[in-house]
Amino acid sequence: MDDTQYLQYCRSLWREFASTLGKRTAGLDEENPLRELADACNRLPDEELYTVGPKLAMRLFSHQPEFAPTFPRSLLWFLGGDCLHVLTDQEIATFQALDEARLEAAERGELYDYRAQAAARLQLT
C-alpha cells in the first residue's frame, strides 16, 4: 500500500464512519448536536479531511463520548494532532510500526494489506 492507497483507505474509513453515524442519527431532530455532527461528517469533502476532520473527531470525543468507540482508531492516527491524545501509548507504537512496515513494503514494490495488519495487531473487528 503506497501513500495514495493509504489516503484512499483513510478516506473510505471516514466515509464508512460518517455514513453509519448518519444512519444512527437520522431520527434525531435536525438541531440535535449529534445529528449536526453526523451531517457535518457526511458533508466533509475529501480535500478537507486532514484539516477539518480532526476538529469533527475531537468534537465527537469531547461532546458525544458514548459514540467515540465507533470512531476508527486508524483514523485517529491518520488525522494526528489532538486526535493522538485519544490513543494509548501502545496504539501509537503499533501505528508507528504499521506505517514503517507499509513504507518498507512500498519501497520493495510489495503489496501490504494495511487493513488486515491493523486489524490483527490492534484486535479490531
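Predicted model: local features only at pLDDT ≥ 70, side-chain atom pairs only at ≥ 80, totals over all residues.

Is F17 buried or exposed? F17 is buried, with a relative accessible area of 6%, where buried means under 20% relative accessible area, exposed means over 50%, and partly exposed is in between, using a 1.4 Å probe and protein chains only.

Residues are numbered from 1 along each chain as its sequence is written, and side-chain values use heavy atoms, with hydrogens and water left out.

Let me turn to the fold. The protein chain has 6 helices and 0 strands, where helices are DSSP runs of H or I with at least four residues, strands are runs of E with at least two, and both are numbered from the N terminus. The radius of gyration, taken over C-alpha atoms, is 15 Å, close to the 14 Å that the globule rule gives for 125 residues, so the chain is as compact as a globular protein of that length; that rule is 2.2 Å times the number of residues to the power 0.38. Of the 125 residues, 42% count as buried, and the C-alpha trace spans about 50 × 25 × 25 Å along its principal axes.

Now to the aromatic rings. A pair of aromatic rings is described by the distance of the centres and the angle of the planes. Here rings of Phe, Tyr and Trp (its six-membered ring) pair if their centres lie within 6.5 Å, and planes under 30 degrees apart count as stacked, over 60 as edge-to-face and the rest as tilted. By this rule the count comes to 10 aromatic pairs. F17 and F71 form one that is edge-to-face, at 4.9 Å centre to centre with 75° between the planes. This pair links distant parts of the chain, since F17 sits in helix α1 (residues 3–25) and F71 in the loop between α3 (49–63) and α4 (73–79), 54 residues apart. F71 also counts as buried, at 2% relative accessibility.

Elsewhere, ring pairs link Y6, Y9, Y50, F78 and Y114 into a cluster.

Finally, what does W77 touch, not counting residues up to four places away in sequence? W77, which lies in helix α4 and is buried at 16% relative accessibility, touches Y6, L84, L87, I92, F95, Q96, D99 and Y114, where contact means heavy atoms within 4.5 Å.
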